[in-house]
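Mentor: Let us take this one question at a time. Please look it over before we start.

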Amino acid sequence: MAELKASLACAVLLSYTAFLLSSAVLAFVEDLDDTFKDNRMDDVWLVDFYAPWCGYCKKLEPIWHDVGAELKNSGSPVRVGKMDATAYSGVASEFGVRGYPTIKLLKGELAYTYKGPRTKDDIIEFANRVAGPAVRSLPSRQMFDHVLKRHDVLFVYVGGESPLKEKYIDVASELIVYTYFFSASEDVLPESVNLPELPSVVVFKDGSFFTYDEYEDGSLSSWVNRERFQGYLQIDGFTLYELGETGKLVAIAVIDEKEPTEENIRLKGLIQRVATEYREHFNRDFQFGHMDGNDYINGLIMGEVTVPSIIILNTSNEQYFLPSEPVETLEQLVHFINSVLDGSAQAYGGDGIFQRIKRVAYDARSTVMSVFRSSPVLGCFLFGLPLGVISLMCYGICTAESDDGAEELEMMKREGLTDEEEEEEEEEEERRRQAGKPEAPEDEEGEVERDEKSAVEKKTD
Ligand SMILES: *[C@@H]1O[C@H](CO)[C@@H](O)[C@H](O)[C@H]1NC(C)=O
């Protein structure tokens, strides 16, 4: 009896805390409705447009509360809100909301969409950056040194008032979603920075600096977009997506960082050298970096790249390029990159109809595999049961005597169906084998042959 009372008290206490928490949360994140559209103009708003049924939105919820709390506690002028975009779809579509959740910072007439990882720190950094002035001025050498230390890539306008500065401010207010923009007078820069003419727009990165040239580099915004990454990067799935937005091809050394073999180190070193020594040649069209492990790339190209190796991706059309022979020297690598540039290299993949069908099949297969991996019993039940039923039906049809042509056709159709199912079973077997279950050696060889054949098939398609 005492126990029951205790647990009852506990439950009451818990729900009371939950109530306190949720009311505190309401204070940090404002629930927005139709009236928001007319009342928002005096403030800068960070808004989460969500749908009640969406899983990613639910995941974001606690993070969003933390974002609201921290911005409020730090005295930020940014107000944090959330809007059920399904209930107020008219407002949401006016702000260009298409998927859920969509995070936007709204500042007067301007709306900025957040595309980074959905973590508290990243979102807060974004809000502070975008809510502040588009161009921040650097009044002293100390400030310059300070920001140079903090940012891997630093854009600075150098000089007084000019048409170039107006253009710079325009570009900054658009591209501040990606990076910071600064301005300074020439005497703030270190003596080692000699600018041939003023005013100039300069980017400091990779231990050096590069100046925007209106005649060679095209529009300022396209130049900023191309230069906003370091010349050489560690690349993961998210960075690759971001790099894609620059429209550049991405040359990647796929390596195993846990096993720093000579080959691993050599390929990484070669890509690094090309990035710096051939910057003039390739910077306009290529981004360079390395990636740890081949899992991500394999999923992307629906194949298997060896580790270590070099691959060039065109993220705009999902094509990729592999060197026709192993890259051993800098010259070979430069030759390979040039062949991609002049179109003589063989392109694989792409976003054609066949590739898209292949993508659907590939994703379906990955899903089946992952179900089996996480729960073999469930997998057997989900896929084995229908397989069993179909086999039985097929058996029944095959053994039934009949000379009706239509039925034969039907039978053939069904056989086609079972073949596919059997392939899945084979995959399941393959998976078990990979998991370390012993198998007959002849079978193992057969497997290798099959794999090689499919590798060739992949190349030819
Ligand atoms: C990369 O894809 C884009 C978009 O389809 C295309 O215009 C460009 O020529 C491609 N680049 C190379 C080197 O194939």
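Mentor: One definition comes first: helices (H or I, at least four residues) and strands (E, at least two) are DSSP runs, numbered from the N terminus. The model is predicted, so local features need pLDDT of at least 70 and side-chain atom pairs count only at pLDDT 80 or more, while totals for chains, interfaces and linings use all residues. Residues are numbered from 1 along each chain as its sequence is written.

Trainee: What percentage of the residues count as buried?
Mentor: A residue is buried if 20 or more other C-beta atoms lie within 10 Å of its own, exposed if 12 or fewer, and partly exposed in between, with C-beta atoms placed from the backbone. The protein has 461 residues. The buried part is 24%.

Trainee: What share of the contacts with a separation of 6 or more comes from residues 24 or more positions apart?
Mentor: Two residues are in contact if their C-beta atoms, placed from the backbone, lie within 7 Å. Take the contacts in the protein with a separation of 6 or more. Residues 24 or more positions apart account for 72%.

Trainee: Which orientation does α3 have to α5?
Mentor: Axes are lines fitted to C-alpha atoms, for helices over the stretch in contact, and angles run from 0 to 180 degrees between N-to-C directions. The axes of α3 (residues 55-73) and α5 (residues 120-131) come within 9 Å and cross at roughly 45 degrees. That makes the pair oblique. The classes are under 35 degrees roughly parallel, over 145 roughly antiparallel, 65 to 115 roughly perpendicular, and the rest oblique.

Trainee: What classes of residue make the contact of α3 with α5?
Mentor: From α3 come I63, D66, V67, E70 and L71, and they meet K120, I123, I124 and A127 in α5. Ala, Val, Leu, Ile, Met, Phe, Trp, Tyr, Cys and Pro count as nonpolar, Asp, Glu, Lys and Arg as charged, and the others, Gly among them, as polar. The contact of α3 with α5 divides into 6 nonpolar, no polar and 3 charged.

Trainee: Which orientation does α15 have to α16?
Mentor: Helix α15 covers residues 353-374 and helix α16 covers residues 376-399. Their axes come within 5 Å and cross at roughly 135 degrees. That makes α15, relative to α16, oblique.

Trainee: What classes of residue make the contact of α15 with α16?
Mentor: Helix α15 brings V368, V371 and F372. Helix α16 brings P376, L378, G379, L382 and F383. By class, the contact has 7 nonpolar, 1 polar and no charged residues.

Trainee: Is the crossing of α7 and α9 left-handed or right-handed?
Mentor: Helix α7 (residues 163-175) packs on helix α9 (residues 220-227) at about 50 degrees, with the axes 10 Å apart. A crossing is left-handed if the near helix is turned anticlockwise from the far one by less than a right angle, and right-handed if clockwise. Here the crossing is right-handed.

Trainee: Where is P199?
Mentor: The peptide bond from L198 to P199 is cis, with omega near -5 degrees. Most peptide bonds are trans. P199 sits in the loop between β8 (181-184) and β9 (200-205).

Trainee: Where is P308?
Mentor: The bond from V307 to P308 is cis, with omega near -5 degrees. P308 sits in the loop between α13 (295-301) and β14 (309-314).

Trainee: Does D206 count as buried, exposed or partly exposed?
Mentor: D206 lies in the loop between β9 and β10 (208-211). It has a positive phi of about 50 degrees although it is not a glycine. With 16 C-beta neighbours inside 10 Å, D206 counts as partly exposed.

Trainee: What is the phi of E318?
Mentor: E318 is in the loop between β14 and β15 (319-321). E318 is not a glycine, yet its phi is positive, at about 60 degrees.

Trainee: Is R98 buried or exposed?
Mentor: R98 is in the loop between α4 (89-94) and β4 (102-107). With 10 other C-beta atoms within 10 Å, R98 is exposed.

Trainee: Which residues are around the ligand?
Mentor: A residue is near a molecule if its C-beta atom, placed from the backbone, lies within 6 Å of it. The shell divides into 2 nonpolar, 4 polar and no charged residues. The residues are L249, N314, S316, N317, Q319 and V340.
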